[in-house]
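I opened this entry to look up the fold, the surface and the charged contacts of one protein model. My notes follow in the order in which I looked things up.

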Amino acid sequence: EEENKKLKFDIEARKEMKKAREEKIRFLEECLDNKEKVNKSLREELEELKSTYVYDAKQVRDIC
């Protein structure tokens, strides 16, 4: 009887640990997705700035 109580408690504790790990994994995956979106946005902004810079450099060369 006492052993069964210990086993049930252990099972419940493991279920809670599993649930906590799954929640942490979900949170970290969400963070990674957000990071990837920000990185993509920054790469696009960088490419836009590069193309603007090249365009401005051509204008300056044409003027000179």
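Before reading anything off, I noted that helices (H or I, at least four residues) and strands (E, at least two) are DSSP runs, numbered from the N terminus. I also noted that this is a predicted model, in which local features need pLDDT of at least 70 and side-chain atom pairs count only at pLDDT 80 or more, while totals for chains, interfaces and linings use all residues. Residues are numbered from 1 along each chain as its sequence is written, and side-chain values use heavy atoms, with hydrogens and water left out.

Fold and surface

I looked up the secondary structure and found 1 helix and 0 strands; helix α1 covers residues 2–63. For burial I used relative accessible area, where buried means under 20%, exposed over 50% and partly exposed in between (1.4 Å probe, protein chains only). By that rule, buried residues are 0% of the 64 residues in the protein. I then took the accessible area, computed by the Shrake-Rupley method with a 1.4 Å probe, with only the protein chains shown counting as cover for residues. The protein exposes about 6,600 Å², of which carbon and sulfur atoms supply 58%.

Charged contacts

How many salt bridges does a search of the whole structure find? I counted a salt bridge where a side-chain nitrogen of Lys or Arg lies within 4 Å of a carboxyl oxygen of Asp or Glu, and the search returned 6.

E12 itself is partly exposed, at 43% relative accessibility.

I turned next to R26, whose side chain meets that of E23 in a salt bridge of 2.7 Å, N to O. R26 and E23 are also 3 residues apart in helix α1, and therefore about one helical turn lies between them. I read R26 as partly exposed at 39% relative accessibility, and E23 likewise as partly exposed at 42%.
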